[in-house]
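Student: Could you walk me through this structure? I would like to begin with the overall picture and then look at single residues.

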Amino acid sequence: MVSPVATRLLLLTCLVLPLYGVEKVRNRGYRNKDAEMEKYASCMQGPTGTPGREGNPGANGIPGTPGIPGRDGVRGEKGECISEIFEDPWKPNYKQCAWNALNYGIDLGKIADCTFTKLRSDSALRVLFSGSLRLKCKNACCQRWYFTFNGAECAGPLPIESIIYLDQGSPELNSTINIHRTSAVEGLCEGVKAGLVDVAVWVGTCADYPRGDASTGWNSVSRVIIEELPR
């Protein structure tokens with residue numbers, strides 16, 4: 001008859017042996033797997049593959065938050081000051097003085113004057129005298145008709161004048177030539193200041209020639225026209 005101790009040893013042996021076989025098989029599997037990994041690790045690396053094409057552009061991201069404002073920059077140099085003058089549109093400014101039959105027979109002196117209000121100092125004055133002029137003499141003579149502005153002849157750029165020169169009379173008729181012709185004295189004068197301007201017409205002599213018998217405004221209308229023009 002089998003003793004109880006022997007029975008217990010037999011049962012323990014039956015339980016332990018199967019577990020030992022399973023553990024041995026498991027360890028063998030791990031060793032095989034490690035050997036396979038070592039086998040592949042020892043192989044040479046193959047050639048590099050062809051690079052792939054570029055991918056499609058991604059969608060725009062969400063706008064970021066505004067950054068912190070930068071500090072003030074360095075102060076710049078002082079610029080040049082250019083002042084612009086805004087003026088009103090140019091308005092016509094003119095005047096006419098007229099006389100009927102002046103019949104001035106003087107050879108030296110003022111013939112007529114006309115006061116004009118000049119609006120700007122940077123403008124020019126256009127003046128015109130239109131009337132009958134005459135000069136007679138038995139010998140050569142010369143007379144000069146000219147403008148003055150506040151008593152002085154124009155200096156911007158030159159005087160405004162007109163002359164008549166007569167060489168001699170008419171010996172065959174035993175008299176002098178006496179022809180009255182409507183003539184003009186005209187020009188532009190710059191540099192006249194703004195304000196009231198006394199514009200006058202004078203008669204005088206020519207340089208290096210004797211004076212004759214002059215006449216202005218005989219039997220006709222004489223006029224002075226003054227006009228302010230922009231430069």
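This is a predicted model: local features need pLDDT of at least 70, side-chain atom pairs count only at pLDDT 80 or more; totals for chains, interfaces and linings use all residues.

Student: How many helices and strands does the chain have?

Tutor: The chain has one helix and nine strands. These are DSSP runs numbered from the N terminus, with helices being H or I of at least four residues and strands being E of at least two. Along the sequence the pattern reads α-β-β-β-β-β-β-β-β-β.

Student: What share of the residues is buried?

Tutor: Buried residues account for 25% of the 231 in the chain. Buried means under 20% relative accessible area, exposed means over 50%, and partly exposed lies in between, using a 1.4 Å probe and protein chains only.

Student: Which residues touch the most other members of the largest nonpolar core?

Tutor: They are Phe 147, Phe 149, Ile 160 and Ile 226, in a core of 25 residues. The elements giving two or more residues to this core are β2 (109-118), β3 (123-136), β4 (141-149), β6 (181-190), β7 (195-205) and β9 (221-230). A nonpolar core is a set of buried Ala, Val, Leu, Ile, Met, Phe, Trp, Tyr and Cys residues joined through side-chain atoms within 4.5 Å.

Student: And what does Phe 147 touch?

Tutor: Leaving aside residues up to four places away in sequence, the residues that Phe 147 touches include Val 127, Phe 129, Ile 160, Val 185 and Val 224. Contact here means heavy atoms within 4.5 Å.

Student: New topic: which residues line the largest pocket?

Tutor: The lining consists of Leu 133, Arg 134, Leu 135, Ile 164, Tyr 165, Leu 166, Ile 177, Ile 179, Arg 181 and Ser 183. Two or more of the lining residues come from each of β3, β5 and β6. A pocket is found on a 1 Å grid over the protein atoms alone, as an open set of points where a 1.4 Å probe fits, with protein on both sides within 12 Å along at least five of seven lines; lining residues have an atom within 4 Å of a point.

Student: What about Asn 93, is it buried or exposed?

Tutor: Asn 93 counts as buried, because its relative accessibility is 15%. This residue is part of strand β1 (residues 93-100). The side chains of Asn 93 and Glu 228 are joined by a polar contact of 2.7 Å. A polar contact is a pair of N or O atoms within 3.5 Å; within protein, one must be able to donate a hydrogen and the other to accept it, and residues adjacent in sequence count only if both atoms are side-chain atoms. The side chain of Asn 93 also reaches the backbone oxygen of Thr 117 at 3.1 Å.

Student: Finally, where is the cis peptide bond?

Tutor: The cis bond joins Gly 156 and Pro 157, with omega about 5 degrees. Pro 157 sits in the loop between β4 and β5.

Terms used. Residues are numbered from 1 along each chain as its sequence is written. Side-chain values use heavy atoms; hydrogens and water are left out.
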